[in-house]
Amino acid sequence: MPAKKETLISKIENLEKELQEMTQELSLAYEELALVYDISMSIGTMLNVDRLPIEVLSKAMNILEAKYGYLMLFDDEDFKLKIRAAIGFDPEKLNKFRSEFKAEEGISGQAIREGKFIIQSHIQTSKEIHEHILGIDNILCIPMKYKDE
């Protein structure tokens, strides 16, 4: 009988662990959904279109608990990605990055070419990663499309 009891206790503990993991996943999914909803509401009610990128970036950084962030948009006129919003960066480093960045370079360019998100660590020690200019060590880059653009 004690062996059955131990097995039952073990199964209950495993189920509790699984429930905690599922609850955590559900909580993260809820936060993501809330962020998308919040951003869509901002887009719909924002009168100042120039302010929209900073609002979107700020909300995303809040959810991700990030200290640094930038949002780039593709400029159809000169076919370049341009930073439209940035938070937390040293202005001098940000200006250097703005002046030297090319869409085909760095993690951002790779994410666009591949059409998928990229998480990269230890970019400060890798000079071939263009984003090292910003003085950050880890980066999450997510390309987004709107109407196949």
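In which helix is the place of I107? In this predicted model, I107 sits in helix α4, which covers residues 106–114. Its relative accessible area is 3%, and because buried means under 20%, I107 counts as buried. Along the chain, I107 and Q120 are 13 residues apart, and their C-alpha atoms are separated by 8.0 Å.

Stepping back to the fold as a whole, the protein chain holds 4 helices and 4 strands. Read from the N terminus, these elements follow the order α-α-β-β-α-α-β-β. The chain has 149 residues, of which 26% are classed as buried. Among contacts with a separation of 6 or more, 39% come from residues 24 or more positions apart. The accessible surface amounts to about 11600 Å², and carbon and sulfur atoms contribute 56% of that area.

The buried residues of α2 are L52, P53, V56, L57, K59 and M61. As a reminder, an α-helix has 3.6 residues a turn, so residues three or four places apart point the same way. Just after α2 comes E65, with a positive phi of about 55 degrees.

Across the whole structure, a search returns 2 aromatic pairs. Y68, Y70 and F89 are joined into a cluster by ring pairs.

Note on methods
Residues numbered from 1 in each chain as written. Predicted model: local features only at pLDDT ≥ 70, side-chain atom pairs only at ≥ 80, totals over all residues. Heavy atoms only, no water. Buried < 20%, exposed > 50% of the residue type's maximum accessible area, 1.4 Å probe, protein only. Helix = DSSP H or I, 4+ residues; strand = E, 2+ residues; numbered from the N terminus. Phe/Tyr/Trp six-rings, centres within 6.5 Å; stacked < 30°, edge-to-face > 60°. Contact = heavy atoms within 4.5 Å. Areas by Shrake-Rupley, 256 points an atom, 1.4 Å probe, with all protein chains shown as cover.
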